[in-house]
Amino acid sequence: METNKRKVLIIDDHSIVRQGVYLLIRKHFTNTEIFEASTLNDGKSIIKKENINFIILDINFPEGNSLNFVENLSIEYGDSIKILIFSALEETIFAFNFIKAGAHGFLSKLSEQEEIVRAFSKFFETGKYLSDELKERLLDNMIRKSNASPIEMLSIRELEIARLLVAGLSNNEIASKLYIHKSTVSTYKTRIFEKLGVNNIPALLNLFNLN
């Protein structure tokens, strides 16, 4: 008698990423039913209809980032749905907020295929995955909480905007990329500078390079 299939939902707004993850899972993991969603709202609809066990989730979507999505899932479903963040953004900067929100792991899209397969295997087997580097940083923070990086005080949206500022984007370019008003970017920029104790972009860049 066949055991119940694991149900995996891939939520990513890039079709090529969804296809790549789909093919990897189909090739390496039997007895798995795979669902796809290009938006967070579509993901919510599938979760309500299907008994999803695992979610592989990107961070950024045209409709916003997925931090609140993770928090809401964690509240509603607890540990019955395991969530792996799969992103090209820096794990040492972005992973902490998502783990706090209820995600069960973080995997870089920049990883080699062999590492991605190994991570998926660990995630499906244990319900969690963290790279060795991220484990060390988490342990470091637990041991020396008072010395935690000030960057970790930023919200996920603040981190997102800070990263774009560091990349050299103007307020107008950030507003266009994130579908928000230029004045909103200015407000976030002021808040970021205040939290980090810097007053210009070079100082912000230097702070990010130290973490």
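User: Which residues in helix 7 are buried?

Analyst: Buried means under 20% relative accessible area, exposed means over 50%, and partly exposed lies in between, using a 1.4 Å probe and protein chains only. Helices are DSSP runs of H or I with at least four residues, strands are runs of E with at least two, and both are numbered from the N terminus. In helix 7, the buried residues are Ile156, Arg157, Glu158, Leu159, Glu160, Ile161, Ala162, Arg163, Leu164 and Leu165. The helix is mostly covered, with 10 of its 11 residues buried.

User: What should I keep in mind about the source of these values?

Analyst: This is a predicted model, in which local features need pLDDT of at least 70 and side-chain atom pairs count only at pLDDT 80 or more, while totals for chains, interfaces and linings use all residues. Residues are numbered from 1 along each chain as its sequence is written, and side-chain values use heavy atoms, with hydrogens and water left out.

User: How do I read the packing of two helices, and at what angle do helix 7 and helix 9 cross?

Analyst: Two packed helices are described by the angle between their axes and the distance between the axes. Axes are lines fitted to C-alpha atoms, for helices over the stretch in contact, and angles run from 0 to 180 degrees between N-to-C directions. Angles under 35 degrees count as roughly parallel, over 145 as roughly antiparallel, 65 to 115 as roughly perpendicular, and the rest as oblique. The axes of helix 7 (residues 156-166) and helix 9 (residues 182-196) cross at roughly 95° and come within 10 Å. Helix 7 is therefore roughly perpendicular to helix 9.

User: Which residues make the contact of helix 7 with helix 9?

Analyst: From helix 7 they are Arg157, Glu158, Ile161, Ala162 and Leu165, which meet Val185, Tyr188, Lys189, Arg191, Ile192 and Lys195 of helix 9. These contact residues comprise six nonpolar, no polar and five charged. Here Ala, Val, Leu, Ile, Met, Phe, Trp, Tyr, Cys and Pro count as nonpolar, Asp, Glu, Lys and Arg as charged, and the others, Gly among them, as polar.

User: What is the geometry of helix 9 and helix 10?

Analyst: Their axes come within 11 Å and cross at roughly 60°, helix 10 being residues 201-209. The two helices are therefore oblique to each other. The contact involves Lys189, Ile192, Phe193 and Leu196 of helix 9 with Ile201, Leu204 and Leu207 of helix 10. By class, the residues of the contact of helix 9 with helix 10 are six nonpolar, no polar and one charged.

User: Which feature does UniProt place at Asp58?

Analyst: UniProt positions are given in the numbering used here, feature names are shortened, and annotations may be inferred rather than shown by experiment. The unreviewed UniProt entry places "modified residue: 4-aspartylphosphate" at Asp58. In the model, aspartate 58 lies in the loop between strand 3 (54-57) and strand 4 (60-61). Aspartate 58 counts as buried because its relative accessibility is 7%. Not counting residues up to four places away in sequence, aspartate 58 touches Ile11, Asp12, Asp13, Ser66, Phe86, Ser87 and Lys109. The unreviewed entry also gives "domain: Response regulatory" for residues 7-124. Over residues 7-124 the chain is 49% helix and 25% strand.

User: How do I read phi, and where does asparagine 31 lie?

Analyst: Most residues other than glycine have a negative phi. Asparagine 31 has a positive phi, near 55°, and lies in the loop between helix 1 (15-28) and strand 2. Tyrosine 179 also has a positive phi, near 60°, in the loop between helix 8 (171-178) and helix 9.

User: Is tyrosine 179 buried or exposed?

Analyst: Tyrosine 179 counts as exposed, at 60% relative accessibility. Asparagine 31 counts as partly exposed, at 23%.

Methods
Contact means heavy atoms within 4.5 Å.
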